[in-house]
There are 2 protein chains.
Amino acid sequence: MTQKVSPLAPKGFPTLPLVGGVRFSTAAAGIKYTNRTDVMLAELAPGTAIAGVFTTSATRSSNVLDCQAKLGGDPSAGAAIIVNSGNSNAFTGKAGDGSVEAICGATATALGVPPNRVFTSSTGVIGERLPHERITDKISVLAETLAGDAIHDAAQAIMTTDTFAKGAGTSLTIGGKTVNIAGIAKGSGMIAPDMATMLVYIFTDAQIAQTDLQSLLSAHTGPTFNSITVDSDTSTSDTLLLAATGASGVDVTGNAAFSTALFDVMQDLAHQVVRDGEGATKFIEVRVTGAATGSDAKKVALAIANSPLVKTAVAGEDPNWGRVVMAVGKSGAQADRDTLTIRFGSILVAENGWVAESYTEEAGAAYMKGDHIVIHADLGLSNGQSTVWTCDLTHDYISINADYRS
Amino acid sequence: MTQKVSPLAPKGFPTLPLVGGVRFSTAAAGIKYTNRTDVMLAELAPGTAIAGVFTTSATRSSNVLDCQAKLGGDPSAGAAIIVNSGNSNAFTGKAGDGSVEAICGATATALGVPPNRVFTSSTGVIGERLPHERITDKISVLAETLAGDAIHDAAQAIMTTDTFAKGAGTSLTIGGKTVNIAGIAKGSGMIAPDMATMLVYIFTDAQIAQTDLQSLLSAHTGPTFNSITVDSDTSTSDTLLLAATGASGVDVTGNAAFSTALFDVMQDLAHQVVRDGEGATKFIEVRVTGAATGSDAKKVALAIANSPLVKTAVAGEDPNWGRVVMAVGKSGAQADRDTLTIRFGSILVAENGWVAESYTEEAGAAYMKGDHIVIHADLGLSNGQSTVWTCDLTHDYISINADYRS
């Protein structure tokens with residue numbers, strides 16, 4: 001299946017800052033794909049702290065279970081992250097555990113790091129044995145070709161149904177010194193809150209203890225990666241790793257500027273995942289305000305964002321606000337027909353339990369022709385709010401997913 | 001938009017038994033549709049007990065709120081049900097309440113029943129004022145043309161995006177006398193548990209007190225209408241009314257045969273709604289067994305049945321059991337990779353945390369070519385079980401819903 005690049009893709013892969021203490025390499029191991037790279041290795045300098053957030057799936061992969069067990073290990077001897085695309089190694093029984101062990105062992109030997117500091121991810125089809133020997137056969141060449149400026153290659157090697165490589169980064173000055181952050185992501189279908197088919201790796205040369213790094217990452221995941229949804233499905237493999245090498249020599253513990261910069265990189269990557277939603281032609285931002293609680297607001301936002309009827313209406317450029325009302329109603333959150341206000345962008349659509357007097361179908365239809373649609377529901381009850389991002393549901397989503405394995 | 005009849009439709013509308021004490025009429029009021037009927041009236045004899053189950057949406061329509069308030073009224077003076085298609089009268093503010101009052105008032109006057117014994121439903125587009133005067137203008141002709149054998153016409157008048165009229169019924173002999181049950185339904189998209197875009201009217205000439213009738217109806221709704229899902233969306237209008245006229249003279253209080261017959265009619269209608277799911281080409285039965293609890297089983301069954309990735313795989317005749325594993329994992333129910341067993345029909349697909357040794361992709365692919373697909377997940381934990389029904393997700397679903405209003 002040949003796929004065109006998503007119409008919502010950024011113009012190109014960004015120029016990312018070099019992050020001290022990280023080197024990348026990639027290889028074409030032929031796990032499933034041909035004529036492309038499908039393995040990436042990231043080597044992390046001694047002293048690197050690693051934080052992670054993972055899928056909550058009860059059927060998560062061996063790789064995820066292994067990564068979760070390894071967080072918080074001794075950073076003194078360095079670390080590595082090795083990722084393959086084409087096969088998720090999920091639901092592959094005991095053999096899956098063996099594949100993880102084999103890959104970690106070979107990587108540890110080649111780089112001279114302890115096996116319990118090697119983190120792996122696998123992404124692709126579920127339930128087929130991972131031919132891990134194709135990966136371990138490539139470890140020595142991967143170890144020999146490591147380079148600090150190869151993050152774009154790394155982003156390409158982890159793509160599956162992605163139509164573009166995803167990267168984001170920034171540099172900031174703290175106490176006269178530069179701190180760099182650069183991240184890559186993959187993910188398009190099967191994206192839902194609580195970490196869906198997403199792999200995200202973010203690197204920084206900031207200096208920070210693992211527990212503080214984990215707190216930052218966990219706090220920022222809710223409003224970024226856990227606020228995007230493509231099809232409400234949740235994968236078995238989702239992994240977000242954040243590595244801080246300390247190479248900048250700048251301690252960022254408690255630094256608000258660093259926290260904000262990290263948040264921005266995470267949000268940028270999260271939005272890129274949505275922009276590559278399978279078949280997407282519209283980027284949809286769902287804002288909910290005035291809810292009884294923050295949790296109610298998120299319930300409503302997700303009900304709107306996951307509604308197939310809302311998503312197909314947006315695909316059809318139909319300002320069908322009745323479906324937004326329907327989604328608010330079904331969410332399970334406290335809501336009142338007569339205090340609900342709905343806006344499309346800045347256009348007031350409905351209020352006081354009915355269509356707004358000033359609203360015209362023409363204005364709504366014109367707004368829907370854009371490719372960044374903001375649906376704003378104010379429940380008029382209290383101060384709970386939440387924003388989530390999704391994309392429309394199109395014929396191409398069906399085409400991509402009805403014959404993914406063929 | 002011209003729609004072909006669903007490939008999953010029954011061969012034709014069934015021959016339904018006449019139910020004593022009920023007469024039907026229909027009219028073409030031109031509410032939205034042209035060249036077809038769009039209002040149906042059912043007149044119910046004095047003494048008729050009426051039970052109901054309704055949408056739980058927080059934005060439910062004026063009609064639903066009105067019906068809920070009227071259950072349990074005095075049956076001695078008779079009753080009526082009047083339903084229109086083309087406009088849902090939902091989210092139409094105070095005007096919506098006025099429309100219900102106008103329709104109930106006119107119907108009550110024409111039939112000589114109290115206004116608080118007139119039940120109304122409206123189905124169709126949300127948020128546009130119901131031109132109720134087009135309905136009230138037809139009340140006298142509706143009252144003059146009532147007939148006991150017009151239930152098929154009634155089923156046709158309440159259709160919206162339905163591609164076939166839905167009816168089911170049965171007769172049974174109790175104490176040497178015949179008791180009849182006949183029901184009609186409409187609903188295709190926006191069908192989800194807890195009563196989605198579904199209107200269902202079931203009539204029987206059995207004799208039973210309102211509270212007993214309500215208990216029966218409520219008990220049977222869980223495993224029938226609340227176990228079907230088309231797109232996980234929930235409508236603002238769903239209404240299930242059951243009217244018992246008593247005309248047979250047979251008291252069915254506590255009668256198991258009557259209860260079973262009613263259950264079968266409800267299940268038949270529920271399945272017909274799924275078979276008319278927008279764009280459906282496959283009827284999917286999801287059976288979950290071995291769950292920790294019944295509620296966990298239903299969670300898993302709904303996670304599978306509502307997964308866009310599972311539904312598109314079935315549409316593509318792809319035995320992609322990995323997506324079933326994914327859905328089990330995301331459901332939130334207790335599950336264990338290594339005790340999970342998956343079957344497609346009688347084909348053992350996966351067990352012990354991996355694909356079954358006996359499974360072949362050819363056997364799975366051949367099974368998927370059928371139009372009644374059974375997905376069976378046994379969690380291997382305890383005795384909780386649940387069955388839900390859904391349909392596949394196809395290009396036609398997108399086509400129907402991307403331009404429903406145009």
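The following conversation sets several terms against the values in this predicted model.

Visitor: Why is helix H1(B) called oblique to helix H2(B)?

Guide: The axes of H1 (residues 62–70) and H2 (residues 93–111) of chain B cross at roughly 55°. Angles under 35 degrees count as roughly parallel, and 65 to 115 as roughly perpendicular. The crossing angle of roughly 55° therefore makes H1(B) oblique to H2(B). The axes also come within 9 Å, and the crossing is right-handed.

Visitor: Which residues make the contact between H1(B) and H2(B)?

Guide: H1(B) contributes B:Ser62, B:Asn63 and B:Asp66, while H2(B) contributes B:Gly96, B:Asp97, B:Ser99 and B:Val100.

Visitor: What makes S13 and S15 of chain B edge strands?

Guide: The open sheet has six strands in the order S13-S12-S11-S14-S10-S15 (chain B), with mixed pairing. Strand S13 (354–355) and strand S15 (384–391) each have a single partner strand, so one side of each lacks a neighbour in the sheet.

Visitor: How do you know that S11(B) and S12(B) are paired?

Guide: Pairing requires at least two bridges. Three bridges join S11 (residues 341–344) to S12 (residues 347–351) of chain B, and these strands run antiparallel. B:Phe344, for its part, has B:Ile347 in S12(B) as its bridge partner.

Visitor: Which helix lies across S10 and S15 of chain B?

Guide: Helix H7 (residues 256–275) of chain B does, running at about 45° to S15(B).

Notes
Residues are numbered from 1 along each chain as its sequence is written. Chains are lettered from A and ligands numbered from 1 in the order in which they are written. This is a predicted model: local features need pLDDT of at least 70, side-chain atom pairs count only at pLDDT 80 or more; totals for chains, interfaces and linings use all residues. Axes are lines fitted to C-alpha atoms, for helices over the stretch in contact, and angles run from 0 to 180 degrees between N-to-C directions. Helices (H or I, at least four residues) and strands (E, at least two) are DSSP runs, numbered from the N terminus. Angles under 35 degrees count as roughly parallel, over 145 as roughly antiparallel, 65 to 115 as roughly perpendicular and the rest as oblique. A crossing is left-handed if the near helix is turned anticlockwise from the far one by less than a right angle, and right-handed if clockwise. Two residues are in contact if their C-beta atoms, placed from the backbone, lie within 7 Å.
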